[in-house]
Amino acid sequence: MAYDAQIDNDGNMRIPTRLITGVDLTVQRARVRLATFLGEYVLNQFVGLPFLEWQQQKPPDTDAIGAVVFAELNTTPGVLRVTDFDTIFDYSSRAIVIAGSVVIEDLDEADGATFAFASTIAPGNSTPAVISFHPTSGRIAGI
């Protein structure tokens, strides 16, 4: 069984340290994957999403960005499938909004646990990715 230390929304390890497994671990893995900049991980410069490159596209290629995010989520260990995936460009805020549902392998439920997610890639110097997961199956993840 896989486990990891729980981190908070800012990426800091909680004190006292709490180990997480199962659905909580998969949700944390997906959050970390969607918040990692390309080249940020020291041990592998090819891991992460090219947020800075995406911010410079005028207008952004929402189909290509959506495909990269979809592949990143779909290859996360513990994710069974990504459903209801949609990527749109909000012209008023000049932000890319990505939303959908992720079905996560859950030993307690035969069909897996489903979580809705939303991510925004905003222009400028702000944090480019705001990722939130909300359980839609009634199961609460420790996020």
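Me: What makes Val23, Asp24 and Leu25 count among the buried residues of H1?
Reply: Buried means under 20% relative accessible area, with over 50% for exposed and partly exposed in between (1.4 Å probe, protein chains only). The buried residues of H1 are Val23, Asp24, Leu25, Thr26, Val27, Gln28, Ala30, Arg31 and Leu34. A word on the source: this is a predicted model, where local features need pLDDT of at least 70 and side-chain atom pairs pLDDT 80 or more, while totals for chains, interfaces and linings use all residues. Residues are numbered from 1 along each chain as its sequence is written, and side-chain values use heavy atoms, leaving out hydrogens and water.

Me: How do you know that the span of H1 agrees with its 14 residues?
Reply: The expected span is 1.5 Å times one less than the number of residues. For H1 that should be 20 Å, and its end C-alpha atoms are 20 Å apart, so the two agree. Helices here are DSSP runs (H or I, at least four residues).

Me: Why is Glu72 called buried, and what is Arg33 called at 26%?
Reply: Glu72 has a relative accessible area of 19%, so buried is the word. Arg33, at 26% relative accessibility, counts as partly exposed.

How values were computed. Helices (H or I, at least four residues) and strands (E, at least two) are DSSP runs, numbered from the N terminus.
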